[in-house]
Amino acid sequence: MKSTRPRLERAIIVGVELRRRRSPWRLKDSLAELAELARSARALVVGTVSQRLDRPTQVYLGKGKLEELKGLIYTKRASTVICDDELTPTQQRNLEKALGESVKVIDRTALILDVFAQRARTKEGRLQVELAQHEYLLPRLAGQWTHLERLGGGIGTRGPGETQIETDRRLVRTRIQKLKRDLEDVRRHRARYRARRIEMDVPVVSLVGYTNAGKSSLLNRLTKAGVMAENMLFSTLDPVTRRIHTPAGRDVLLTDTVGFIQKLPTAVVAAFRATLEEVQESTLVLHVVDVTHRNATQMVSVVEGIIDELGIADKPRLMALNKADLLDDDADSDALGRALRLADGDLRCVFTSAQTGAGLGELLHEIDAALQPELASMDRIVVG
Ligand SMILES: Nc1nc2c(ncn2[C@@H]2O[C@H](COP(=O)(O)OP(=O)(O)OP(=O)(O)O)[C@@H](O)[C@H]2O)c(=O)[nH]1
Ligand SMILES: [Mg+2]
């Protein structure tokens with residue numbers, strides 16, 4: 001699979017905060033997350049540049065900051081610059097021009113896609129990532145094209161460059177069509193599995209949550225499934241489903257899937273729609289939260305936004321406030337306060353630890369209770 005960036009080595013991360021666009025995320029926190037993503041992509045972050053601006057610029061940064069960045073690239077011997085937002089094709093081009101050929105410019109989307117490309121294991125996962133990469137690429141080729149068009153077209157602009165861009169665009173479009181067809185094939189298989197599952201009347205509980213919240217660890221703990229759990233963003237890409245028995249003696253299928261993140265690129269959401277259909281067809285949504293994270297509240301909002309987008313907000317939902325083992329007596333009062341505020345929300349919450357197993361009995365009990373009406377109606381159908 002093609003990577004959207006060459007080998008990443010010494011990287012400088014760059015972020016801009018727009019004064020008028022109020023985001024619940026502080027730039028510092030967003031950049032810390034970007035550094036984690038860079039680490040997941042096996043880059044070494046050697047510097048950070050940040051700036052508050054009134055409005056976006058055509059080079060992403062203001063003039064002075066751009067000079068500062070150039071200096072830092074030189075002193076830190078950096079080869080790569082990673083921007084915390086999805087760059088417009090113009091910003092990308094201008095920044096590349098300003099920094100020179102030896103510096104690679106990557107944006108948040110390309111970085112996320114790159115991490116995904118490294119993680120994809122199944123055929124479907126690979127196809128989805130490649131589709132997202134091509135969808136990302138297409139407007140960027142188109143951007144160059146409109147730039148040429150704006151120059152007036154006609155004589156002088158109809159050079160080999162234009163032909164090349166048109167050819168590239170056609171190639172990318174053809175590839176996108178092919179990927180979509182291949183994905184359809186893979187998905188038909190999965191639809192058959194799903195149909196069988198529904199026939200068996202086994203309720204499905206899907207684990208959703210911000211990346212690194214502990215979804216796979218919980219699934220592991222609950223099923224001994226041996227799913228890969230790592231302290232890395234996006235360690236899971238492909239949905240994994242395992243059967244468990246609840247205390248009430250019911251069979252339940254637990255599905256673990258791709259984690260969410262703020263500024264999740266639309267190309268990714270589109271490409272992963274089928275994976276996320278697993279969540280759409282589940283009986284109960286279990287929202288897993290890393291309750292110890294300083295941005296836990298913002299992360300919950302991001303996940304709830306995506307839950308709304310997926311049209312599953314009306315499904316029965318539970319929240320697992322995970323990593324509760326870290327909320328011991330030594331935990332700072334901020335963390336405890338945050339945890340209690342989250343627990344005080346509208347959803348039913350259980351404090352859990354995938355690490356120690358604490359709270360898992362209660363979690364299973366809550367799953368049973370949440371599924372009860374559903375199961376009761378299934379029983380009626382069977383009896384009737
Ligand atoms: N202390 C503690 N660490 C945990 C707990 N649950 C998970 N972790 C750690 O948190 C990290 C992320 O766990 P994962 O299970 O991979 O998280 P995930 O939500 O599946 O992440 P993605 O697949 O990347 O979306 C790992 O290092 C886990 O060991 C917990 O209850 N307590
Ligand atoms: Mg996972």
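Mentor: A polar contact is a pair of N or O atoms within 3.5 Å, and that is the cut-off to keep in mind while we go through this predicted model.

Trainee: Which atoms of N212 and ligand 1 lie 2.9 Å apart?

Mentor: In N212 it is a backbone N or O atom, and in ligand 1 an oxygen atom. A backbone N or O atom of A354 likewise lies 2.8 Å from an oxygen atom of the ligand, whereas K215 uses an N or O atom of its side chain, 2.7 Å from a ligand oxygen. Of the 650 Å² of accessible area that ligand 1 has on its own, the protein covers 90%.

Trainee: How many residues are around ligand 1, and which come nearest?

Mentor: There are 23, of which K215, S217, S235, D325 and A354 come nearest. By class the shell has 12 polar, seven nonpolar and four charged residues, and its largest share, three residues, is supplied by helix 7, which spans residues 215-223.

Trainee: What phi does N212 have, and where in the chain does N212 lie?

Mentor: Most residues other than glycine have a negative phi. N212, although not a glycine, has a positive phi of about 75°, and it lies in the loop between strand 5 (204-209) and helix 7. K263 is another such case, with a positive phi near 55°, and it sits in the loop between strand 7 (251-256) and helix 8.

Trainee: How many residues does the largest nonpolar core have?

Mentor: In soluble globular proteins, nonpolar side chains tend to be buried together. Here the largest nonpolar core has 55 residues, and those with the most contacts inside it are L37, I82, L111, F116, F234 and F272. Elements giving two or more residues to this core include strand 1 (10-18), helix 1 (27-40) and helix 6 (160-199). Leaving out residues up to four places away in sequence, F234 touches L37, I112, V115, F116, R119, T211, V258, G259 and I261. Apart from this core lies another, of 22 residues, among them V252, A354, L360 and L364.

Trainee: Is H287 buried or exposed?

Mentor: Since buried means under 20% relative accessible area, H287 is buried, at 1%. H287 belongs to strand 8 (residues 284-290), and, neighbours within four places in sequence aside, its contacts include V208, G209, V300, E304 and L318.

Definitions and conventions
Residues numbered from 1 in each chain as written. Chains lettered and ligands numbered in written order. Predicted model: local features only at pLDDT ≥ 70, side-chain atom pairs only at ≥ 80, totals over all residues. Heavy atoms only, no water. Near = heavy atom within 4 Å. Polar contact = N/O pair within 3.5 Å; in protein donor to acceptor, adjacent residues only side chain to side chain. Areas by Shrake-Rupley, 256 points an atom, 1.4 Å probe, with all protein chains shown as cover. Helix = DSSP H or I, 4+ residues; strand = E, 2+ residues; numbered from the N terminus. Nonpolar A, V, L, I, M, F, W, Y, C, P; charged D, E, K, R; others polar. Core = buried A, V, L, I, M, F, W, Y, C linked by side-chain atoms within 4.5 Å. Buried < 20%, exposed > 50% of the residue type's maximum accessible area, 1.4 Å probe, protein only. Contact = heavy atoms within 4.5 Å.
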